[in-house]
Amino acid sequence: MAGAMESEEQARIRFQLELEFVQCLANPNYLNFLAQRGYLQEKPFVNYLKYLLYWKDPEYAKYLKYPQSLHMLELLQYEHFRKELVNAQCAKFIDEQQLLHWQHYSRKRMRMQQALAEQQQSNAAPK
Amino acid sequence: MAVSERSTKEGLLSVLDDVEVLSRELIEMLAISRNQKLPQPGEESQILELLVQRDGEFQELMKVAQEQGKVHQEMQLLEKEVEKRDSDIQQLQKQLKEAEHILATAVYQAKEKLKSIEKARKGSISSEEIIKYAHRISASNAVCAPLTWVPGDPRRPYPTDLEMRGGLLGQMSNLPTSGVNGHLPGDALAAGRLPDVLTPQYLWQSSDMSMNMLPPNHSNHFMLEPPGHNKENEDDVEAMSTDSSSSSSDSD
């Protein structure tokens with residue numbers, strides 16, 4: 001059941017829009033915003049979210065700058081998650097966890113650098 | 001006497017009976033004729049004739065019985081043959097069934113293998129592409145925080161408010177009241193108020209890369225149920241099905 005034929009230009013624009021929208025889903029504050037305005041409960045919106053799952057395909061996923069958005073998209077398929085997002089605490093918790101995860105590698109790298117520096121110091125010291 | 005309709009055995013036995021009776025009469029007659037003169041001289045010859053006749057019948061019936069015996073033996077032999085062939089057929093049947101079973105298993109496993117090969121082939125991505133992608137997403141600090149990040153830095157692992165409004169999506173939708181600081185997104189860009197650190201070096205809209213990318217077609221009516229079942233409410237779906245089953249049992 002395809003809708004009305006859209007021109008290629010329109011399709012390209014739609015691609016851009018959907019690309020942007022799917023990545024916006026990585027923003028927990030935006031999700032909270034959507035939940036509080038009741039969008040997450042509307043059936044067409046839920047169907048749209050299911051349609052957006054095509055971004056999981058590698059040929060589409062390579063355009064995603066923020067890959068976390070795919071995880072959020074998957075979680076959004078569950079009604080329980082959509083309901084929970086109405087709470088601001090939930091959004092805040094997700095935000096914190098995202099930030100901590102985001103900093104995980106830089107922290108790890110810093111630790112490794114520190115360990116390396118200490119090792120070099122201990123190697124250089126006894127002379 | 002309708003001898004042809006009786007069985008050979010009955011025929012033989014009746015002939016034997018007759019012979020017995022006739023011989024008994026003959027012997028009685030001979031015994032009587034010992035004591036007195038023959039009252040009926042023709043009788044003994046009659047009896048003798050009958051005796052001879054009965055004997056002839058007996059011989060014939062014996063021949064028939066012999067032939068029947070031969071036929072019966074042949075029948076038995078043939079029956080044994082038939083049994084042997086039967087068991088052969090049954091064994092072949094068993095073997096055929098086993099072979100069919102083994103082939104079915106082999107075919108099934110081959111199909112599974114083909115399926116997994118297909119799956120692997122579908123999911124294969126050139127390592128170069130993966131490395132390129134990894135480069136892209138880490139260079140832009142999308143998955144890994146910048147090394148100089150401190151709390152208070154506005155950068156985030158997701159598109160921020162400003163970035164969202166600055167994109168195509170933000171410009172297409174009218175946001176009369178919810179602009180940042182009351183300004184419309186176009187203004188913010190035009191006024192150059194976006195700090196340098198926020199202008200993404202790599203556009204997350206990637207309009208330069210995706211010139212030829214088209215999204216999948218969809219019906220414009222997201223009101224309709226999508227095909228397949230939704231992940232949401234798997235519990236609810238089960239609850240609904242039990243409801244319907246209870247209602248159907250009521251209607252029964």
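The dialogue below takes up helices, surface, cores, salt bridges and cysteines in turn.

Q: What kind of model is this, and how are its parts numbered?
A: This is a predicted model, in which local features need pLDDT of at least 70 and side-chain atom pairs count only at pLDDT 80 or more, while totals for chains, interfaces and linings use all residues. Residues are numbered from 1 along each chain as its sequence is written, chains are lettered from A and ligands numbered from 1 in the order in which they are written, and side-chain values use heavy atoms, with hydrogens and water left out.

Q: How many helices and strands are there in chain A?
A: Helices (H or I, at least four residues) and strands (E, at least two) are DSSP runs, numbered from the N terminus. Chain A has seven helices and zero strands, and its pattern along the sequence is α-α-α-α-α-α-α.

Q: How does the span of helix α3 of chain B agree with what it should be?
A: The expected span of a helix is 1.5 Å times one less than its number of residues. Helix α3 of chain B (residues 127-139) has 13 residues and should therefore span 18 Å, which agrees with the 18 Å between its end C-alpha atoms. Just after this helix, B:N141 takes a positive phi of about 60°.

Q: What share of chain A is buried?
A: A residue is buried when its relative accessible area is under 20%, exposed when over 50%, and partly exposed in between, using a 1.4 Å probe and protein chains only. Of the 127 residues in chain A, 46% are buried.

Q: Which residues touch the most other members of the largest nonpolar core?
A: In soluble globular proteins, nonpolar side chains tend to be buried together. A nonpolar core is a set of buried Ala, Val, Leu, Ile, Met, Phe, Trp, Tyr and Cys residues joined through side-chain atoms within 4.5 Å. The largest one here has 34 residues, of which A:L25, A:L52, A:W55, A:L76 and A:L85 touch the most other members. Helices that each supply at least two residues of this core include α1 (8-24) and α7 of chain A, together with α3 of chain B, and the largest share, five residues, comes from α1 of chain A. Apart from this core lies another, of five residues, among them B:L22 and B:I47.

Q: Which residues does A:L76 touch?
A: Contact means heavy atoms within 4.5 Å. Leaving out residues up to four places away in sequence, A:L76 touches A:L25, A:L31, A:L40, A:L49, A:F81, A:R82 and A:L85.

Q: How many salt bridges are there over all chains?
A: A salt bridge is a side-chain nitrogen of Lys or Arg within 4 Å of a carboxyl oxygen of Asp or Glu, and the count over all chains comes to 15. One of them joins A:K92 to A:E96, with the closest N and O atoms 3.2 Å apart; both residues lie in helix α7 (residues 88-124) of chain A, four residues apart, about one turn of the helix. A:K92 counts as exposed because its relative accessibility is 52%, whereas A:E96, at 39%, is partly exposed. In chain B, the side chains of B:D153 and B:R155 meet at 2.8 Å, N to O, and B:D153 is buried at 11% relative accessibility.

Q: How many disulfides does a search of the whole structure find?
A: A disulfide is a covalent bond between the sulfur atoms of two cysteines, and the cut-off used is a pair of cysteine sulfur atoms within 2.5 Å. The search finds zero disulfides over all chains. A:C90 is buried, with a relative accessible area of 16%, and B:C144 is buried at 11%.
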